[in-house]
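Let's take a walk through this model together, one neighbourhood at a time. Have the viewer open and follow along.

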Amino acid sequence: MLQRRITATIAGNSNTSKELLLKLNISLANLSRSGHYQDALHLFVQIHSSHKLKPDIYSLSTTLAACANLRNAAFGNQLHAYALRAGLKAYPHVANTILSLYKNARDLVSVKRVFSEIQNPDVYSWTTFLSACTKMGHVDYACEVFDKMPDRDLPVYNAMITGCTENGYEDIGIGLFREMHKLDVRRDNYSFTSVLSVCDAGLLEFGRQLHSLVTKSGFSCLASVVNALITMYFNCGNVVDACKVFEEAKGYVCDHISYNVMMDGLASVGRVEEALIRFRDMLVASLRPSELTFVSVMSACLCPRVGYQVHAQAIKSGFEAYTSVSNAAITMYSSCGKIDEAYMIFARLQEKDIVSWNTMISTYAQRNLGRSAILAYLEMQSVGIRPDEFTFGSLLASSGFIEMVEMIHAFVFINGIITNIQVSNALISAYAKNERINQAYQIFHNMSPRNIITWNTLINGFLLNGFPVQGLQHFSELLMSELRPDEYTLSLALSSCARISSLRHGKQIHSYVLKNNLISKMSLGNAMITLYAKCGDLDCSLRVFNMMIEKDTISWNALISAYAQHGEGKEAVSCFKAMQDVGRIKPDQATFTAVLSACSHAGLVDDGTRIFDSMVNDYGFIPAEDHLSCMLDLLGRAGYLDEAERVINSQHIQARSDNWWALFSACAAHGNLRLGRIIAGLLLEREQDKPSVYVLLSNIYAAAGLWEEAANIRELLKRTGVMKQPGCSWIGS
């Protein structure tokens, strides 16, 4: 349609060629500015093929710019050839757009050739050339050219700083900014935002200096610089100063991006309620939320009620059809456990991208809905969306049976995707979880390169499958490689040492942690408490706990378990009370398992009963299997069989066979005939082929002097054909 209209315009226009070309050049510029780059290329073709018109420098430079935005190197080469034939390349505007074309196409050879052919490069030429070199990893070459430049002004410095900071050469970028300051080269908002963006916890002091310089230079009145300052403080972990910068600028500078940065930063440190308050303030300030606003807010929502309101606001603001917003809504509802709502949004989304499908597959995987994840994957393939490493990672995480893992393995192998390190890592994890550690190791062995996640996954696989020694051997190999263990690696190694009670190796890893300044890591402290407890050194466990700066629920659980393992029931109860007194740390189900186990082993009936009641009535936990076993063991050992019966028959409990067995054994130990008969009847209904039921019941009758009943039970054992295995010993055999 466009081509026919252009052809008609050119053929039927009565204006002079110059006037017509001017008109068409304006159309070219409008198409390019509005993002219709392909239409701009079609228009240029029509102009070029017309006998009446000859493209000039404006036609060519505008079309080259459109071509650069499309990264269409093939068409760009044709335009470059036309510029040479028509003698237009000598014009700086044309030469610079050709330079931009090859930069966007990531063709550094052509960039260097075109730049070398420019007789008098202007600022745009230099900045484009230096930016291309840094973005394509040739930073050393860019620095070499930069050092030889006769005049280095602000745009050139900005090009170098931005190129370095955005491509992993932060030190060089910061060094160039320091050089600017030393040489008194004027800075602008781009200079500050580029350098502020790379400041992390290790550069907090430098970030503060930049903040002072921003204030002195008068750039604190620009929203882009304020936003960069807020981001810098969040990246450095300094939430207080980030909030302070925002509050100081809120009244006169902040835009919707400022609010987005604040919401995203607060959500990233777990301050979800404050992030939602900022969203409300943004609406009150009559600032229109953007696509990114709703993505940030929905990522912070953990409460369905609030999530519904935010989603409704997104729909009201016209963002329902935006794929990124719908993807965030799917993730939000999934995190809140609302699978039906997540699927409804997914089903209604018209333009699903790879993230949409991955989000849905991941949602099913996290809920152990493996069949639904596979069906979503098959549907994804049927609509022509090609899976990526995240797709296969989610599928492998949801695979509850080995056949599915092997099928995915075959697919990624045939399609060459197995070379992707994330896919290989997911395969190692899936095979390990399905108890196929040999296949997991084979994939690891064939991988090159490997990252730290690869090593962690294999070491964890060995630990899960009962091979901690092999896990420690690979940990030693990792130490001899170019990679360095991270916090998770070291916690796995400590857990492996704990599994085999290897105090010597555990102390070596403890020394490594101290030497590498990692002792402040909470997960490592927790792992060391468990290690020393399982190796019999309770004092070291307590010493590690007391030295920890930050403690979480797992830290307290580890210490309570340590006391329980060493028979220190009263100390375990005291530790539990201290945990409650802290206030901000709440006990979980594992906490109650540990402290009830301690009470059971120490015979602390009153403490155990009180803690169990508190678990149910104060904390609202439904007793799990472990809690019930601990309570029955505690009450049974102490002879409180009636109380044990009341516990097992309470409305909170769903007793299983081993709970009844624990109580049955207590009945035998204390000669409780009434309860023993009842439990024997229940067990015989469930486990008729267990000779132990008959033997224990016979023993209970015999202990009560009911010899005839005991003999009848023995006779019943013979008639049912259930054989009692005779006892045996390896000693003296």
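Start with the aromatics: ring pairs link F115, W126, F129 and Y141 into a cluster. A pair of aromatic rings is described by the distance of the centres and the angle of the planes. Here, rings of Phe, Tyr and Trp (its six-membered ring) pair if their centres lie within 6.5 Å, with planes under 30 degrees apart called stacked, over 60 edge-to-face and the rest tilted. By that rule you get 22 aromatic pairs.

A quick word on ground rules. This is a predicted model, where local features need pLDDT of at least 70 and side-chain atom pairs count only at pLDDT 80 or more, while totals for chains, interfaces and linings use all residues. Residues are numbered from 1 along each chain as its sequence is written, and side-chain values use heavy atoms, with hydrogens and water left out.

Now find Y157, which is in helix α10 (residues 154-165); helices are DSSP runs of H or I with at least four residues, numbered from the N terminus. Y157 counts as buried because its relative accessibility is 0%, where buried means under 20% relative accessible area, exposed over 50% and partly exposed in between (1.4 Å probe, protein chains only). Leaving aside neighbours within four places in sequence, Y157 is in contact (heavy atoms within 4.5 Å) with F146, R152, L176, E179, M180, L183 and V185.

P449 is in the loop between α27 (437-446) and α28 (452-464). D184 has a positive phi of about 60° although it is not a glycine, and it counts as exposed because its relative accessibility is 63%. S286, in the loop between α17 (272-284) and α18 (291-300), also has a positive phi of about 60° without being a glycine.

On a 1 Å grid over the protein atoms alone, a cavity is a set of points where a 1.4 Å probe fits but cannot get out, and a pocket is an open set with protein on both sides within 12 Å along at least five of seven lines; lining residues have an atom within 4 Å of a point. Grid points are joined across faces, edges and corners, and a volume is the space filled by probe spheres set on the points.

The largest pocket has a volume of about 290 Å³. Its lining has 19 residues, with S100, K103, Y124, T127 and T128 nearest the centre. The elements giving two or more residues to this lining are α4 (57-70), α6 (92-104), α8 (123-135) and α10, and α6 has the largest share, seven residues.

The largest cavity holds about 30 Å³, and H311, A314, I315, F319, E320, V325, S326 and A329 line it.
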